[in-house]
Amino acid sequence: MLTAGVYIGHPQAVRAQRKALPLVLNGPQDNEICLACHTDPKTHRMVNGRRKSLVIDGAAFEKSTHARMPCTDCHRDIQTLPHPGEAKPVNCDRCHHKIIAPSGQDGHANIMGGVHEKARRAGNLRAPECKTCHGTHEILSRQELASPISRKNIHDLCGRCHRTEHDQYSISVHAVAVTHDIKDAPTCIECHGEHSAIQKVTDPASTVYPTNISRTCSQCHGEYRLAARYNIRSDRTSTYEGSFHGIGGKFGVATVANCASCHGWHEILPSSDPRSTVNVNNLQRTCGQEGCHPNATRQFARGAIHGPTSLAGSNLANIITVIYILLIAGTIGGMLIHNALDFRTLLKKRGQAHAHTPGGRTFNRMNISERVQHLLMFVSFFMLALTGFLLYLPEDMVKWLGPHPDRVFWLRGTIHRGAALMLIAVSIYHIIWVIANRRGREQFRAMLPSLKDVTDVLGMFRYYLFGGEKPKFGRYGYKEKAEYWALVWGTFIMSLTGFILWWEEISPILAIQLSRLVHRYEAILAVLAIVVWHFYLVHWRPGAFPMSRIWIDGKITEEEMREEHELEYEAIMKKEEAE
C-alpha cells in the first residue's frame, strides 16, 4: 500500500487512516496513530532506489524523555494525515535553547558554535549533530544508565568517531575511576566541555588549549575537598602555576609545557605505572621530547617535577623558605627601625643639615671610574628587578601588556639575561679594579668590616634613643659596609642560581627548583634593601631629598663631610695642615 510515497504494511493502520482522513494531529493522544505505521517493520520509503526503513522502536520511545510529547512538537511540518513522504529535519533548538548545560553555557542550541557544527557548515556531513550523540526517538536522560551520554557511556559515544583517543582514555586512571562509579572522575565532557564549549585544541577558546589546560585540570586537582576525599595532592595546580612553565602559560605562551605535555592527554596513568610518561624511568624521555628539552639528561629529570614553591614542598625547601622569611623580616625590619630613628633625630635636631651650601668647599667622593661602575650596576639591577618580578604579575594584569603578552614574555627573558651579563661584567671589572688599581685597593681596605663597626652600631642606637655624643666615621661606616658586602653576597648568589636556571638542561630538577626558590627570595631581599636602606640613607634623608648628586658629579659638601665622615675629614685637614 502506498500513501504519499510511503509503503505501509499494517492493514489495521491502513483502515484507521482511511476512515479518519484527512486528519489533524493535535496532541500526545495522536502519537499512537503515528506509531501504528512507524512500528510496522514493513514501513519504509525508497531513496535512490534503496529501501530506507521508517520504523522506530515503540518500546524505546515509551521510555524516552520525549514519550509524553506529541510527535508534531519535533516534526512540526507534519500536522495532518496523510503527510508528505519526506519529513523535514528536526530543529532541537526550538525547545532546548534555554536549557542550561553543566558547562555553564546556554544549552543544546549552543552546539551551533562548537567544533562539530563548524565542521558540518564546512561541508563535513559526517560530523556529529544532535541525534548523533543523543539519539532520535530513544532519547534518555544522562542519569539513565542506558543513555549514551551517561557517565559510564560517554567515552564510548565519543569513541565512535575518536577511536584512538577512546582507546587511550580507556586505560587511564580516569576511566578506571569512572568504571568504579566514582562520580567526581572526569569523562570527556569534564575536560572538553559539551556543545559549543567543544573547540579544536588549537583554538584559544578551547578548554584544552595549551594555556587553558592547567585551569581545566585545576577543577579537580586544585580542589581541596576533592583532594581530601580521594587522598590526592591538592597543590599540583598551584605548584605548576608557580613554575616557569606555568608562568609562561599565564603570559599566553602556547609552547611551554602544560599538564598534558608531561602526563599525556588521554592515557593518563599513575606515576607508579611503568607505562606512565611521568614514571621515574620515563622522565628523561618525556622532558626530552621534541620542542622541550632535547638535551635533557637523567640528572635533569631527578627531583620534584612540581617545584617546591611553598612550605608544602620538600624539607630542604621548607628550611630555605623559613631561613629567608626570617632573614627578610629581620633585615628589613631592622633597617626600618634604624631609619625611623634616624629620621626622627634629623627632624628634631638638625632639620635640613645636609643642604648644599652654594659656593662652599666640596670633596671628591667618587671618581669617574666609580661613578661608571655605580651607573652600570644601577641600570643592570633595575632591569633585573623589573623583568624578574614581571613574572609574578597577577594573571588579570597580564592583559595590560598588550595584545601579545607571549612576545613580552620572551623579550623579558632576553632583557633579563642581558642585564644579568651586564651585572656580572661590572662585578668582574670591579674585582680587577680592586686588585690592579691603587685607589681600588684603598677603597676595598676601607670597606673591610672591623670591631669598630659593631661598637658604632650600638653607639648610633644609643645616640638615637638617648642623645649624647654620636660615633665618628671614617670614609666608610657600618651603613656603607653593610650595603657593599650585601651586594657582593647577593651578586654571587643571584649569579650562581641564575646560571643553574639558565643551563637547566644539565642541572638536576631539584637544583633548578631550589635555585628558583633562592633566586626569588634573594631578589625580594635585594630590592627591599636597596629601597629601604640605600635610597633612604643616600637620597631620601632630610637634607638630601629628593636626590643626592654624588653619583652624578662625585662631589660631597664640606658640611656633609664633617657630619657623616668626621674621621676622614679630620685626617684630610691634618694632612693639609702638615703640607
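The model is predicted: local features need pLDDT of at least 70, side-chain atom pairs count only at pLDDT 80 or more, and totals for chains, interfaces and linings use all residues. Residues are numbered from 1 along each chain as its sequence is written, and side-chain values use heavy atoms, with hydrogens and water left out.

Let us begin on the surface. Arg438, Arg441, Arg445 and Lys575 come together there as a patch of positive charge. A patch is made of residues with over 30% relative accessible area and no salt bridge, joining like charges within 9 Å and nonpolar side chains (Val, Leu, Ile, Met, Phe, Trp, Tyr) within 5 Å. A salt bridge, in turn, is a side-chain nitrogen of Lys or Arg within 4 Å of a carboxyl oxygen of Asp or Glu. Lys and Arg count as positive, Asp and Glu as negative, while His and the chain ends are not counted. The place of a charge is taken as NZ of Lys, CZ of Arg, CG of Asp or CD of Glu.

Helix 22, residues 438–447, gives the most to this positive patch, three residues. Helices (H or I, at least four residues) and strands (E, at least two) are DSSP runs, numbered from the N terminus. Arg438 lies in helix 22 and counts as exposed because its relative accessibility is 63%. Here buried means under 20% relative accessible area, exposed over 50%, and partly exposed in between (1.4 Å probe, protein chains only).

The surface also has a nonpolar patch, with about 760 Å² of accessible area together; Phe378 and Met422 are among its residues. Such areas come from the Shrake-Rupley method with a 1.4 Å probe, and for residues only the protein chains shown count as cover. Helix 19, residues 368–389, supplies the largest share of the nonpolar patch, eight residues. Leu386 is found in helix 19, and at 48% relative accessibility Leu386 counts as partly exposed.

Now look at the hairpin. Strand 4 (residues 44–47) and strand 5 (residues 50–53) pair in the antiparallel sense over four bridges; two strands pair if DSSP finds at least two bridges between them. Met46 stands opposite Arg51 in strand 5. Two residues lie between the strands of this hairpin, where Asn48 takes a positive phi near 55°.

Finally, consider His174, which sits in helix 10 (residues 173–179). His174 is buried, because its relative accessible area is 17%. His174 and Ile268 are 94 residues apart along the chain, yet their C-alpha atoms are separated by 7.4 Å. Likewise, 210 residues along the chain lie between Asn295 and Glu505 as their spacing, with 6.2 Å separating their C-alpha atoms.
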